[in-house]
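Good morning, colleagues. I would like to present one structure today, and I ask that you keep the display in view while I speak.

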Amino acid sequence: MLEKYWEGETSLEEEEALRLFFRTPHPDLPEALQEAAPMFQYFRMEAEKVWEVPPARIVKLSPMRHWMKYAAILLVAVGIGYAVKQQGQRERQAVVAMKEQELNDPQRAFDETKKALQLLAKNLNKGTSKMQKLSYFNEATSLVEGKE
Amino acid sequence: MSLERFLSQVVPVRQKLYRFAFRLLGNEEDAQDITQDALMKVWGMQEKMAELQNMEAWCMRITRNLALDKIKSRKYRVSDGLDRAGELPAVQQQSPHAVAEQNDVMGKVHVAIQALPEKYRTILQLRDIDGHSYQEIADILDIDMNDVKVNLHRARKGVREKLQNLQVYGL
């Protein structure tokens, strides 16, 4: 049976029988059987050991028990908000900086002014051609009415 | 899971969980922490309880996983055999010399078992000290029953060889 035990093939009942056998010393046993005695004695002592389990700590289950999770979520939200705000601010600052750079450079300022005046002139010319047409119409009307 | 079920089925195995955690960690305070964490985890996973066949094995598996995580998480020093060799209960014997000799032999067995890899050691303890069946050990460790037998054989063989090397024989 001991050979079966070493092979890991014994049943719980057989192991109990071995435990009972080795419970009392057998000095006349052959060496092959003696070697198992300390192990069985150790197992018995460990099994009989009384464990003093410290009393359980009472853990109050409050909604705030996961406060670190909530704090982490809040921190991430604040972080994202701050990053978005900073990004917007940076973009605005970049636009202002570009405008300032344009005004500080005389050539670019001249070019920009020229472009703006050309646009104005183009629009004004559009109005002139319409006024010219109106003037022809007025002249024609006067001729028909025989005023001249 | 209702509070009643938790109190009637889970809380009674607390001592077993503590003992199991203590054997893995070798430290009272950490064993207590792990037991508490395991119970909290079981309570947190209550919806899974209905499908369980062996609640105790499940609780022990959770305890083992938490204890192993703790060991892995930092350079955890599990108290070795020599630390606890002196704590072994003295055997009732007549002569002080015999008591000392007995404690010395028990200390050597303890060291031999502690020197085993964790899996072998746990299987040996669950079988030979706690008297669990092969199936229960397989459930606790979440392994196949044949693996339990093979590992148990290796564990016993390992201890046997160590004791033979130390020339520790029957008293």
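In this predicted model, helix H4(B) and helix H8(B) cross in a right-handed sense. H4(B) covers residues 55–73 of chain B, and H8(B) covers residues 134–141 of that chain. Their axes come within 7 Å and cross at roughly 45°.

By class, the contact of H4(B) with H8(B) comprises 4 nonpolar and 4 charged residues, with no polar ones.

H4(B) also packs against helix H7(B), which spans residues 118–129 of chain B. Here the angle is about 145°, and the axes lie 14 Å apart. This crossing of H4(B) past H7(B) is right-handed. On the H4(B) side, the contact is made by Met60(B), Arg64(B) and Leu68(B). On the H7(B) side, the residues are Glu118(B), Lys119(B), Thr122(B) and Leu126(B). The contact of H4(B) with H7(B) divides into 3 nonpolar, 1 polar and 3 charged residues.

I turn next to another helix pair in chain B. Helix H2(B), residues 14–25, packs with helix H3(B), residues 28–44, at an angle of about 130°. The axes of H2(B) and H3(B) are 8 Å apart. These two helices are therefore oblique to each other, and H2(B) passes H3(B) in a right-handed crossing. The residues of H2(B) in this contact are Arg14(B), Leu17(B), Tyr18(B), Ala21(B), Phe22(B) and Leu25(B). They meet Glu28(B), Asp30(B), Ala31(B), Gln32(B), Ile34(B), Thr35(B) and Leu39(B) in H3(B). By class, 8 residues of the contact are nonpolar, 2 are polar and 3 are charged.

Now to the interface of the two chains. How many residues does each chain bring to the contact? Chain A brings 35 and chain B brings 40. The area buried between chain A and chain B is about 3,700 Å², and carbon and sulfur atoms give 58% of that area. The chains are joined by 2 salt bridges. In a salt bridge between the chains, the side chain of Arg127(B) meets that of Glu15(A) at 2.9 Å, N to O.

Over all chains, the structure holds 16 salt bridges. One of them, within chain A, pairs the side chains of Glu14(A) and Lys4(A) at 2.9 Å, N to O. This pair links distant parts of the chain, 10 residues apart. Glu14(A) is in helix H2 of chain A, residues 12–21, whereas Lys4(A) is in helix H1 of chain A, residues 2–7.

Thank you for your attention.

How values were computed:
Residues are numbered from 1 along each chain as its sequence is written. Chains are lettered from A and ligands numbered from 1 in the order in which they are written. This is a predicted model: local features need pLDDT of at least 70, side-chain atom pairs count only at pLDDT 80 or more; totals for chains, interfaces and linings use all residues. Side-chain values use heavy atoms; hydrogens and water are left out. Axes are lines fitted to C-alpha atoms, for helices over the stretch in contact, and angles run from 0 to 180 degrees between N-to-C directions. Helices (H or I, at least four residues) and strands (E, at least two) are DSSP runs, numbered from the N terminus. A crossing is left-handed if the near helix is turned anticlockwise from the far one by less than a right angle, and right-handed if clockwise. Ala, Val, Leu, Ile, Met, Phe, Trp, Tyr, Cys and Pro count as nonpolar, Asp, Glu, Lys and Arg as charged, and the others, Gly among them, as polar. Contact means heavy atoms within 4.5 Å. Buried area is the accessible area (1.4 Å probe) that two parts lose on being put together, summed over both. A salt bridge is a side-chain nitrogen of Lys or Arg within 4 Å of a carboxyl oxygen of Asp or Glu. Angles under 35 degrees count as roughly parallel, over 145 as roughly antiparallel, 65 to 115 as roughly perpendicular and the rest as oblique.
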